[in-house]
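Me: I've got a structure open here. Can you walk me through it?

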Amino acid sequence: MTVSETVAQPGSGVETDTGPGLPEATTDATAQATTEALRPHAEHAFADELTALAAADDRPRPARWRLSPWAVATYLLGGTLPDGTVITPKYVGPRRIVEVAVTTLATDRALLLLGVPGTAKTWVSEHLAAAVSGDSTLLVQGTAGTPEEAVRYGWNYARLLAHGPSRDALVPSPVMRAMARGMTARVEELTRIPADVQDSLITILSEKTLPVPELGEEVQAVPGFNLIATANDRDRGVNELSSALRRRFNTVVLPLPATPEAEVDIVARRVEQIGRSLALPDVPAGAAEIRRVVTVFRELRDGVTTDGRTKVKSPSGTLSTAEAISVVTGGLALAAHFGDGVLRPGDIAAGILGAVVRDPAADRVVWQEYLETVVRERDGWKDFYRACREVSA
C-alpha cells in the first residue's frame, strides 16, 4: 500500500471518493449540524442547486469532477435549468472570467485568483471547489506563520516518538489529501505565506507528486487534482511569488464591480443571505440605504462623484464590496434590535465612519471634506448628513 492509498483510506480520517455525482448523504447528526451552522459550507448551503445541476448535466465531465465545466460555470453565474430550477448567481461579473477559471481547473495548471481586497476571491474559490469536487474544506489558510507542514504534511509526534516514521504517524495536509483523492485544494492569501513555504508547492504543481523522504515514498496526484490560490493586490511586496511558482499558475484577476447597479445587486444578495441566517429584516426594507452605502464607497474609492462634477479625496482603506456588505448587515442588526426593523441613515452612519476612517488623522479629514462638499449639498441626503455629523462629532 502506497502513502497515497493510505491517505485516501477511511481509517486515515479522509473520505474515499464516491465517484460521479454528489457526496453521499450525511448522517442525521451531521445534517442537523449543517442546518444549524452559522455559515454552512457552499456544498451544504446550495446542495439542492448542485443536485439539480448534476441531474440535468449531460455534458462531459473531467475525471472525478462532480459537474461538467459548463455546469460549474452555470452554478457560479446563475441560470434556469430545463426543469425550471433557478440557479442563483454566486458571482456577479464578466462571464469570461468564470469560464477561464473553470477551464484552468480542467487543465494541469493551478488557478490563482488575484485582486484587491473584497473582490470575492475567497467566495469564488469556495464555490469552485464545491462545484468541482463537492468539498470546499481542503483549505490552507495563509498567514505569516504558516508552516511548511500545512502545505506538505506533518507528524503525530506521539506515534513518531514511539514507533518512528510510519504511515500511521503521518498527518496529511489538505493539499496531500486532495492529491490522493483527485480533488480541489485551496490556499488562501498565498502571498502572506513565507517564500520558502510557498516554494514547497513547486514540485506539487509541476511534477504532481509530493515526496515523503522519511518513508522513502511519495504521494502522486490522481486525475482530478488541482489547486486554487488567492492573493491580494495590496499584498504585493509582502512575500512575492517566485517566477518558478508563478509559472505554475494561470492568473485570473477579479475586478471590482463595473457599475453601481452591479455592486448594489451583489450587496443586496449577500446581505439577504446573511440576514436570513441571523433572522434580520428583509433587504427590500433597506434598498435605498444599500444604494446609498454603495454610492458613498464608490465615490470615495474612485475619487470623483457619480456625476463626474466633483473630485474628492480617497481614504486609505479599500472600501470594498465586502466592507459595504458588512456595513449594511450591521445596520440591519441595529434596525432590528434597536429600531423599527427598517434600515435608516442613522443605522448605517457609524458603520460607514468605521469603514472610511482607518487612519484617525488623514482619513477623518477626507471624510469631513466629503460630508461638507458632497453629502450636505445632495438632494434627499439631509437625514444621512445629519446622522453622519452626529456620529462624527
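This is a predicted model: local features need pLDDT of at least 70, side-chain atom pairs count only at pLDDT 80 or more; totals for chains, interfaces and linings use all residues.

Me: OK. Which residues of helix α18 are buried?

Reply: Helix α18 covers residues 382-392. Its buried residues are F384, Y385, A387, C388 and S392.

Me: Where do they sit around the axis of α18?

Reply: They are on the same side of α18, because they cover an arc of only 165° around the axis.

Me: Why would spaced-out residues line up like that in a helix?

Reply: An α-helix has 3.6 residues a turn, so residues three or four places apart point the same way.

Me: And what's on the other side of α18?

Reply: R386 and E390 are there, and they are exposed.

Me: What covers the buried residues of α18?

Reply: The cover includes three helices: α14 (287-302), α16 (345-356) and α17 (362-375).

Me: Switching to strands. What's the strand order in the open sheet?

Reply: The order is β4-β7-β10-β3-β11. That makes five strands, with parallel pairing.

Me: Which strands stand at the edges?

Reply: β4 (139-141) and β11 (249-253). Each has a single partner strand, so one side of each lacks a neighbour in the sheet. On average, neighbouring strands of this sheet are turned by 20° against each other, direction ignored.

Me: How many bridges join β3 to β10?

Reply: Five, between β3 (residues 110-115) and β10 (residues 226-232), which run parallel. Across from L114 is A231 in β10.

Me: Which helices go with this sheet?

Reply: Helix α6 (residues 95-105) is one of them, and it lies across β3, β10 and β11. α6 runs at about 165° to β11. Helix α9 (residues 174-181) packs on the sheet too, touching β4, β7 (184-188) and β10. The direction of α9 makes about 160° with that of β7.

Me: What about β8 and β9, parallel or antiparallel?

Reply: Antiparallel, over four bridges. β8 is residues 209-212 and β9 is residues 217-220. L210 has V219 in β9 as its bridge partner.

Me: What's in the turn of that hairpin?

Reply: Four residues lie between β8 and β9. G216 in the turn has a positive phi of about 65°.

Me: Last one. Where is D265 found?

Reply: In helix α13, residues 260-278. D265 is partly exposed, because its relative accessible area is 28%, and that value falls between the 20% and 50% cut-offs. The C-alpha atoms of D265 and I290 are separated by 9.3 Å, and the two residues are 25 apart along the chain.

Note on methods: Residues are numbered from 1 along each chain as its sequence is written. Side-chain values use heavy atoms; hydrogens and water are left out. Two strands pair if DSSP finds at least two bridges between them. Helices (H or I, at least four residues) and strands (E, at least two) are DSSP runs, numbered from the N terminus. Buried means under 20% relative accessible area, exposed over 50%, partly exposed in between (1.4 Å probe, protein chains only). The arc is that of the directions from the helix axis to the C-beta atoms. Contact means heavy atoms within 4.5 Å. Axes are lines fitted to C-alpha atoms, for helices over the stretch in contact, and angles run from 0 to 180 degrees between N-to-C directions.
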